[in-house]
Amino acid sequence: MALKVSEKLISEVTANVEDIQLYINGEFFPAESGAAFDNINPYTNEKINRTAEGRAEDIKKAVAAAKAAFENGPWGSMKISERMKYINRIADVIDEEIEKIAILEAYDTGLPVSQTRNMTARSAENFRFYARMVEARLHGDAYQSDSEFLNYTIHKPLGPVGLITPWNAPFMLETWKVAPALATGNTVVLKPAELSPVSANILAQVIDKAGLPDGVFNVVHGYGETAGAALVAHPDVKAISFTGETSTGSLIIKNAADSLKKTSMELGGKSPLIIFDDADFERALDAAVWGIFSFNGERCTANSRVLVHKSIKDAFTKALKKRIDHIKIGDPMDPSTELGPLIEKEHCNKVNSYIELAGEEGCEVYQGKVPEDIKAGNFVPPTVFLNADNSMRVCQEEIFGPVLSIIEFEKEEEAIQAANDVKYGLAGYVWTNDLKRGHRVAQAVEAGMIWINSQNVRDLKIPFGGMKASGIGREGGHYAFDFYTEPKVIHVALGNHHIPQFGKGE
Ligand code: NAD
């Protein structure tokens with residue numbers, strides 16, 4: 001869906017983006033130390049604004065506010081219908097500001113504005129969805145034990161929870177965690193990614209406008225090693241939900257062990273898209289191109305490995321090259337742009353180093369062209385590694401850019417073997433018109449989520465998450481309740497059941 005926004009609105013919204021402060025206990029503050037860092041525009045590499053650099057002392061304040069709001073405030077004990085009014089109000093405020101949020105997200109991240117628009121709409125839906133889910137599905141079970149007991153479960157919120165998010169689709173990923181955490185009655189300290197702080201600041205403004213009680217939602221901007229680590233270590237934080245790189249996730253699990261915190265891990269991926277010779281060729285091509293080049297290739301579920309049947313490989317490669325030649329690369333603020341600049345110079349250099357490596361490993365590298373009039377910006381053109389072998393580093397490691405490997409296979413078992421011969425297991429895509437084969441391959445591929453004859457369409461009801469190095473646990477749908485609530489069982493004796501007699505001997 002193309003975004004119809006006027007150039008006037010874009011220039012108004014981006015003219016003077018305010019400096020970003022922390023949001024603690026219902027108020028916006030600078031960091032206690034006074035420290036701040038520059039936030040850079042990926043298209044121009046110029047400064048957008050300054051962002052307050054929260055550290056351990058700010059995390060301490062935010063957690064204290066979240067704890068007080070949980071223990072003394074009305075949030076945890078509020079009537080569900082009342083709490084859901086707030087959750088729905090957050091969605092309404094997002095909708096009121098949708099164009100502005102989409103524009104600022106594109107400005108801050110380099111994601112094309114036509115794509116941030118859809119993600120912003122999804123963000124509002126994350127809140128509405130969890131308001132409905134909590135009303136309908138957050139219930140316990142009753143267990144009858146003969147006629148002696150009735151046991152039943154209830155689900156209690158955990159208390160203050162820490163949410164740590166990445167830069168690649170910040171607003172959507174933040175709301176994806178904040179919505180179930182708040183809807184189930186927890187209070188929140190969010191530590192957003194330092195490379196994309198603008199939309200987390202907007203979320204704080206949205207929640208402030210929605211009128212949530214002070215301390216229920218707090219945001220501490222800052223670096224992972226300081227603010228993030230302090231949140232993980234804080235003894236009053238009951239759980240950490242993390243989305244980011246696999247290596248960061250593993251460090252967070254180690255650090256959370258000291259205070260025995262519950263953690264949820266949504267990590268990296270190297271997802272295969274398998275195209276059999278009987279597949280609907282054009283649709284598979286559409287899905288493969290969109291799945292790796294949308295969101296600038298900075299997408300955890302991107303199909304960065306395409307396994308294509310030998311008999312159609314040449315036709316597929318030819319058609320893919322043609323698509324690559326026509327992908328519109330440019331200013332993320334231009335609604336017709338399909339591929340924008342990557343988040344930062346350093347990440348751009350990392351992606352380029354893999355492109356160099358692909359040549360060294362023996363791939364033919366085919367790329368689109370960045371228009372010559374683009375002078376600054378962290379651009380990597382759409383790139384494909386032809387004649388790749390699954391054992392190459394470029395097929396094993398997450399590159400997280402608009403870069404795709406093409407791997408040929410002949411037999412179904414070969415495709416499954418290659419799909420699974422990687423440390424990750426987040427998503428997978430299977431294209432075939434053979435119903436039995438579709439199910440068979442989908443069941444054999446090691447991934448948390450598989451789509452047959454489809455691109456990455458998200459149904460908010462399904463469990464979201466990965467296996468192997470792609471994550472631990474599932475969020476989404478009612479699965480989020482397992483993480484954000486504590487089930488408690490209450491045993492009720494219905495009669496005088498037998499109690500062993502101790503200490504009654506002569
Ligand atoms: P990252 O791991 O570098 O950072 C993520 C967040 O963790 C940031 O807020 C960062 O400040 C914080 N952090 C860093 N070190 C920390 C520490 N020691 N303690 C606490 N917090 C710390 O990831 P990124 O580069 O921002 O994001 C890209 C990665 O995210 C990719 O690997 C991508 O696949 C993954 N991702 C996964 C999913 C999913 O759902 N599985 C979704 C989106 C992105």
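This is a predicted model: local features need pLDDT of at least 70, side-chain atom pairs count only at pLDDT 80 or more; totals for chains, interfaces and linings use all residues.

Mentor: Residues are numbered from 1 along each chain as its sequence is written, and side-chain values use heavy atoms, with hydrogens and water left out.

Trainee: Does threonine 175 count as buried or exposed?

Mentor: Buried means under 20% relative accessible area, exposed over 50%, and partly exposed in between (1.4 Å probe, protein chains only). Threonine 175 counts as buried because its relative accessibility is 0%. Contact means heavy atoms within 4.5 Å. Not counting residues up to four places away in sequence, threonine 175 touches Ser123, Asn126, Phe127, Pro180 and Leu203.

Trainee: Which residues touch the most other members of the largest nonpolar core?

Mentor: Nonpolar side chains tend to be buried together in soluble globular proteins. A nonpolar core is a set of buried Ala, Val, Leu, Ile, Met, Phe, Trp, Tyr and Cys residues joined through side-chain atoms within 4.5 Å. The largest one here has 101 residues, and Leu182, Phe217 and Ile275 touch the most other members. Apart from it lies another core of 29 residues, including Leu307 and Met392.

Trainee: How many bridges join S6 to strand S22?

Mentor: Strands (E, at least two residues) are DSSP runs, numbered from the N terminus, and two strands pair if DSSP finds at least two bridges between them. Nine bridges join S6 to S22 (residues 485-493), and the two run antiparallel. Asparagine 151 has histidine 491 in S22 as its bridge partner.

Key. Helices (H or I, at least four residues) and strands (E, at least two) are DSSP runs, numbered from the N terminus.
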